[in-house]
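Here's a quick briefing for anyone opening this entry for the first time. Have a look at the structure below, then read on.

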Amino acid sequence: EKGGWSSFMAKEISEEPEAVANTVLGRVDDGQVVLRELADVDDMLKDIDRIVVIGCGTAAYSGMLGKYAIEKWARVPVEVELSHEFRYREPVLNARTLVISISQSGETMDTLMAVKYAIANGARTLSICNTQGATIARESDAVVYTHAGPEVAVASTKAFVAQITALYLFGLHLARVRGTLDPTVAALQLAELQGIPAKIAKVLKNGAEITQLAKWMSDSRAVLFLGRHVGYPVALEGALKLKELAYIHAEGFAAGELKHGPIALIEPGQPVFVVVPSPRDPNSLHAKVVSNIQEIRARGARILAIAEEGDVAVLPFADEVIRIPLAAPLFEPLLTVIPLQLFAMELATAKGLDVDQPRNLAKSVTVE
Ligand code: M6R
């Protein structure tokens, strides 16, 4: 039940700190990640030479984030593909390919068909599911469950942060099994992850300012989202939430792609959410994104920056700044996505829409 919340979505967003914490719970041994459910496949994990992550919608975006972490820590090449695109293009698969399927429900037909195809074509399979005993989990060689608890609202929120958590845990597990990461560095990454629930709780406390933002934007015809590196899947997810809940045309872009086309969309008053990387980012992506902000601002865009506490570089150019606590770069999505989820929910509410049951959508898509 909703337990006093105005919607299941509001309740589920409030449960995000626990969704992350519960997914980590019981999977740490002596400062290292140990996924006991993978004991039978650890030898296979040593042997794979490629990973393909598949999923649909929000699950595919968490998969994109998993790629950054798994490649960085375990040094195995990772591709991410939408399940339905993967299934019908005769992908190259063999016994050294691990196909990781991500699905909250574990019943999404597009993903199930892709898993069955992978098995029939000799690949190894692992699934990340939120529903115990789901069909996709049963079909796979191994399963890592997310412990987000039941997700009722059609728009996925707590399952998304739990999926990112599970993928990061898997990345650390894989790195340990393959010996690719210094245990001290691995322990630091794990400690970062364990610190995330308290930081999400902090972001949730600033919900009121987002409600105000949503009010003035309720008659916007289109909203754009920009991000770079791990901020890019977050931009895609922010746009998806807005489409499905508020029925507003929304588009996420990789910030580096702006001058290759999307900047032509910018006209005076156009709202643009920008997920700003930390100024501490070792690749200096912060400066690049700030310069993107300047470019679109000069063309009249209205900038809503999601930036780290203390990042003053964005202040002269942003109309609104939503602050997130400091986190290591890979972990920022677990914080930056929260204001975007809240924003979509509040904007839909401001338009008088049903946030739990958007039109034309089902919670579980069991047809191809
Ligand atoms: O149950 P699944 O994770 O397999 O569902 C995948 C998508 O259908 C789902 O994430 C969908 O995009 C959500 N409505 C997004 O909020």
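**A cavity and a sheet**

There is one cavity of 30 Å³ or more in the structure (a cavity is a set of points on a 1 Å grid over the protein atoms alone where a 1.4 Å probe fits but cannot get out). This is a predicted model, where local features need pLDDT of at least 70 and side-chain atom pairs count only at pLDDT 80 or more, while totals for chains, interfaces and linings use all residues. Residues are numbered from 1 along each chain as its sequence is written, and side-chain values use heavy atoms, leaving out hydrogens and water.

**The cavity**
- The largest cavity has a volume of about 60 Å³, counted as the space filled by probe spheres set on the grid points.
- Its lining (residues with an atom within 4 Å of a point) includes Arg228, Val275, Pro277 and Glu332.
- Helix H11 (231-246) and helix H13 (333-350) each give two or more residues to that lining; helices here are DSSP runs of H or I with at least four residues, and strands are E runs of at least two.

**The sheet**
- Five strands form an open sheet in the order S9-S8-S10-S11-S12, with parallel pairing (two strands pair if DSSP finds at least two bridges between them).
- Strands S9 (249-254) and S12 (320-324) are at the edges with a single partner strand each, so one side of each has no neighbour in the sheet.
- Three bridges join S8 (residues 222-227) to S10 (residues 271-275), and Leu224 has Val272 as its bridge partner in S10.

Technical notes: On a 1 Å grid over the protein atoms alone, a cavity is a set of points where a 1.4 Å probe fits but cannot get out, and a pocket is an open set with protein on both sides within 12 Å along at least five of seven lines; lining residues have an atom within 4 Å of a point.
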